[in-house]
Amino acid sequence: HVLGAATKRPPGIVDFQRSEYGKPRVPGAEFSLSHSRGLVAVAVSVAGGGGGGREANGGSGAGAGHADAVTPGDRAVEARPATLGVDVEAELDPRAASDILPLLHPAERRELEALDPAAVGGAAAQLWVRKEAFLKALGLGLARDLALDLVGAGPSPLTPSGWEGRAAIVDLPVLLG
């Protein structure tokens, strides 16, 4: 329904395609979606939307969570939608957080390891949504090595090296209810 409204087509005739890495595509729109334990996030960009306009809605559901959107690409090009990625996650339990540690950028591992154990689940979830939203925006998803790009586990996201001025990682509020 969201993509139908964005592309001005009835939802039943939205033409879904896939990139070589499996990222879903719809002609005339760029979109990303995510869900986790009752949370849902959808981000949509359409061609001619004022310089690659972005609209992202960070989840709804029964528990606290984290959501991020990323928009790499040339925003000055009006003919095509801005490339984007979105992810949402509920807080990670300590075991899940420790399972992802070896996969992360060394600086991200150090950030998480320096935290009080009670804070690791929330910080790891925040880092994960930043990382996954960035990789979705690249169109690669988890096919790209998670240790290559530093997105940060701190209170503000970092722009991965080499993407300055070409990408923005934005923490989104998660709307509950």
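Where in the chain is confidence lowest, and where is it highest?

## Confidence of the model

This is a predicted model in which local features need pLDDT of at least 70 and side-chain atom pairs count only at pLDDT 80 or more, while totals for chains, interfaces and linings use all residues. Residues are numbered from 1 along each chain as its sequence is written, and side-chain values use heavy atoms, with hydrogens and water left out.

Confidence (pLDDT, given by the predictor for each residue from 0 to 100) is lowest in strand β5, residues 55–57, at a mean of 40, and highest in helix α3, residues 106–113, at 95; helices (H or I, at least four residues) and strands (E, at least two) are DSSP runs numbered from the N terminus. Over residues 50–64 the pLDDT is below 50, yet beyond near neighbours in sequence this stretch has 52 contacts in the model, a contact being heavy atoms within 4.5 Å. The chain averages a pLDDT of 82, and 81% of the residues score at least 70.

## The largest pocket

The largest pocket is lined by 13 residues, and Gly22, Lys23, Pro24, Ser32 and Lys136 lie nearest its centre. Two or more lining residues come from each of β3 (29–36) and α4 (117–138), with β3 giving the most, three residues. A pocket here is an open set of points on a 1 Å grid over the protein atoms alone, where a 1.4 Å probe fits, with protein on both sides within 12 Å along at least five of seven lines, and lining residues have an atom within 4 Å of a point.

## Valine 42

Valine 42, found in strand β4 (residues 39–46), is partly exposed, with a relative accessible area of 24% (between the limits of under 20% for buried and over 50% for exposed, with a 1.4 Å probe and protein chains only). Valine 42 and phenylalanine 31 are 11 residues apart in sequence and 7.3 Å apart in space, C-alpha to C-alpha.
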